[in-house]
Amino acid sequence: MEQSTVKRKWANWKFIVFIIILIAVFVKFFVLDEHDENAPVTVALDLGEVAFRNEQEVEAILGPGKLDSYFSDAKAGCEKCPKKIYREGKIEIIFINEIADRIVLRGLSDYDFENRVILGLLNLKENIEPKLDEDEIKRWDNYEKYTQIAAFSAKGNLDYILIKCKRE
């Protein structure tokens with residue numbers, strides 16, 4: 001009789017180990033996110049090279065732009081500021097007082113809505129937590145020399161990024 005109880009105990013242990021392995025596999029593939037914290041991030045726009053520059057300097061970096069419209073904002077002190085489009089509409093820049101002040105990056109739906117990805121797209125190294133962090137918006141106020149950086153989400157992925165360099 002002792003042999004059957006030993007076999008029975010051994011069978012119970014094998015079953016328990018099998019269940020633990022199944023749980024571990026489930027957690028690995030269905031619960032944990034699969035992103036590498038140290039993975040390199042693609043730079044879509046080197047913000048330091050474009051922000052606070054005049055139209056000629058921006059065109060030397062991004063190539064020729066197309067005048068889209070004129071922007072007016074009394075608070076920013078702008079009555080007829082040019083809004084130019086670069087790189088087939090992926091980058092919009094409003095020049096306030098003749099410097100690149102409001103920058104919008106579009107067409108970013110291939111990227112995750114994560115802090116390190118958003119800041120990496122702008123070639124910003126310091127990983128600071130945003131002041132506002134919700135499902136569809138992340139906002140950094142007074143990040144380095146920029147007044148505001150805001151990222152907007154659509155369907156879990158990044159939609160576009162708005163950078164206000166100097167003006168509110």
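**Lys-164**

I looked up Lys-164 first. Lys-164 is buried because its relative accessible area is 17%. Buried means under 20% relative accessible area, exposed means over 50%, and partly exposed lies in between (1.4 Å probe, protein chains only). Lys-164 lies in strand S8, residues 157-164. Helices (H or I, at least four residues) and strands (E, at least two) are DSSP runs, numbered from the N terminus. I then listed the contacts of Lys-164, leaving aside neighbours within four places in sequence: Asp-101, Arg-102, Tyr-146, Thr-147 and Gln-148. Contact means heavy atoms within 4.5 Å.

**Ground rules**

I am working on a predicted model, where local features need pLDDT of at least 70, side-chain atom pairs count only at pLDDT 80 or more, and totals for chains, interfaces and linings use all residues. Residues are numbered from 1 along each chain as its sequence is written, and side-chain values use heavy atoms, with hydrogens and water left out.

**Whole chain**

I counted 4 helices and 8 strands in the protein chain. From the N terminus the order is α-α-α-β-β-β-β-α-β-β-β-β.

I checked the dimensions next. The radius of gyration of the protein chain is 25 Å, whereas a compact globule of 168 residues would have one near 15 Å. That radius is taken over C-alpha atoms, and the globule rule is 2.2 Å times the number of residues to the power 0.38. Along the principal axes, the C-alpha atoms fill a box of roughly 95 × 30 × 25 Å.

Of the 168 residues, 36% are buried. For contacts with a separation of 6 or more, I noted that 46% join residues 24 or more positions apart. The accessible surface is about 11200 Å², and carbon and sulfur atoms hold 52% of that surface. Areas come from the Shrake-Rupley method with a 1.4 Å probe; for residues, only the protein chains shown count as cover.

I also looked at charge. The chain has 25 positive and 30 negative charges, and their mean positions are 4 Å apart. Lys and Arg count as positive, Asp and Glu as negative; His and the chain ends are not counted. Each charge is placed at NZ of Lys, CZ of Arg, CG of Asp or CD of Glu.

I picked Phe-18 in helix H1, residues 2-31. Is Phe-18 buried, exposed or partly exposed? Phe-18 counts as partly exposed, because its relative accessibility is 47%. Phe-18 and Lys-83 are 65 residues apart along the chain, and their C-alpha atoms are separated by 63 Å.

I moved to helix H3, residues 55-62. At its start, a side-chain oxygen of Asn-54 reaches to within 3.1 Å of the backbone nitrogen of Gln-56. Gly-63 follows H3 and has a positive phi, near 95°.

Asp-73 is in strand S1, residues 66-73. I found a polar contact between the side chains of Asp-73 and Arg-102, at 3.2 Å. A polar contact is a pair of N or O atoms within 3.5 Å; within protein, one must be able to donate a hydrogen and the other to accept it, and residues adjacent in sequence count only if both atoms are side-chain atoms. Leaving out residues up to four places away in sequence, Asp-73 touches Cys-78 and Arg-102.

Ile-85 lies in strand S2. Ile-85 is buried because its relative accessible area is 16%. Beyond four places in sequence, Ile-85 is in contact with Gly-65, Lys-66, Asp-68, Ile-91 and Glu-92. Val-104 is 19 residues from Ile-85 in sequence and 9.6 Å away, C-alpha to C-alpha.

Ile-94 lies in strand S3, residues 91-96. At 11% relative accessibility, Ile-94 counts as buried. Its contacts beyond four places in sequence include Phe-71, Cys-81, Pro-82 and Arg-102.

**Positive phi in loops**

Glu-88 has one, near 55°. Where does Glu-88 lie? Glu-88 lies in the loop between strand S2 (78-86) and S3. Glu-88 is exposed, with a relative accessible area of 79%.

Glu-144 also has a positive phi, about 50°, although it is not a glycine. Glu-144 lies in the loop between strand S6 (137-143) and strand S7 (146-154). At 46% relative accessibility, Glu-144 counts as partly exposed.
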